[in-house]
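Take a moment to look over the model below. Then follow the text from one part of the chain to the next.

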Amino acid sequence: MRATKAKKESTYLEAVGRRKTSIARVRLVAQSEGIIVNGRPYKEYFPTLEMQKIAEDAFRKTRPETRFGVSAKIKGGGIHSQSEALRHGISRALL
């Protein structure tokens, strides 16, 4: 995990989450909202309510004081495994 300055001069936190053969590269941006997965909103990318809840789980458990926007690139594995890898990546970035 590392904090990095992007070209837009906004600071973000970066982490990698893994589950089985799925790998999620996650970036958290403060003062932003929404979860974008592979260029699409997460509710569109993860079609079932169960997978959407898994993706949001880290935010529900920690309840961070600051709102975070999430940008993630996920590859490998199945769709369910990818939602769990995203949860893992968000959790690690919040730490």
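**A walk through the fold**

Start with glutamate 14, which sits in strand β2, residues 11–19. This is a predicted model. Is glutamate 14 buried or exposed? Its relative accessibility is 13%. Buried means under 20%, so glutamate 14 counts as buried. Its side chain has a partner there. A polar contact of 3.1 Å links it to the side chain of arginine 27.

Now step back to the whole chain. How many helices and strands does the protein chain have? There are three helices and six strands. Read from the N terminus, their order is β-β-β-β-β-α-α-β-α. The protein chain has 95 residues, and 36% of them are buried. Next, consider contacts between residues with a separation of 6 or more. Of these, 67% join residues 24 or more positions apart.

Helix α3 comes next. It covers residues 79–94, 16 residues in total. From its first C-alpha to its last it reaches 23 Å, close to the 22 Å expected at 1.5 Å a residue. Which residues of α3 are buried? They are Ser81, Gln82, Ser83, Glu84, Ala85, Leu86, Gly89, Ile90 and Ala93. An α-helix has 3.6 residues a turn, so residues three or four places apart point the same way. What covers the buried residues of α3? The cover includes strands β2, β3 (22–30), β4 (35–37) and β6 (68–75). It also includes helices α1 (42–45) and α2 (49–62).

Glutamine 82 lies in α3. Its relative accessibility is 7%, so it counts as buried. What is glutamine 82 in contact with, leaving aside neighbours within four places in sequence? The list is Ser22, Tyr45, Phe46, Ile74, Lys75, Gly76 and Gly77. With tyrosine 45, the link is a polar contact between side chains, at 2.7 Å. Now compare sequence with space. Glutamine 82 and alanine 24 are 58 residues apart in sequence. Yet their C-alpha atoms are 7.2 Å apart in space.

Finish with the empty space. Rolling a probe the size of a water molecule over the atoms shows where such space is left. The largest pocket holds about 230 Å³. Which residues line the largest pocket? They are Glu33, Gly34, Ile35, Phe59, Pro64, Thr66, Arg67 and Phe68. By type, this lining has four nonpolar, two polar and two charged residues.

Definitions and conventions
Residues numbered from 1 in each chain as written. Predicted model: local features only at pLDDT ≥ 70, side-chain atom pairs only at ≥ 80, totals over all residues. Heavy atoms only, no water. 1 Å grid on protein atoms, 1.4 Å probe; cavity = no way out; pocket = protein on both sides within 12 Å on 5 of 7 lines; lining within 4 Å. Points joined across faces, edges and corners; volume = space filled by probe spheres on them. Nonpolar A, V, L, I, M, F, W, Y, C, P; charged D, E, K, R; others polar. Helix = DSSP H or I, 4+ residues; strand = E, 2+ residues; numbered from the N terminus. Buried < 20%, exposed > 50% of the residue type's maximum accessible area, 1.4 Å probe, protein only. Polar contact = N/O pair within 3.5 Å; in protein donor to acceptor, adjacent residues only side chain to side chain. Expected span 1.5 Å × (residues − 1). Contact = heavy atoms within 4.5 Å.
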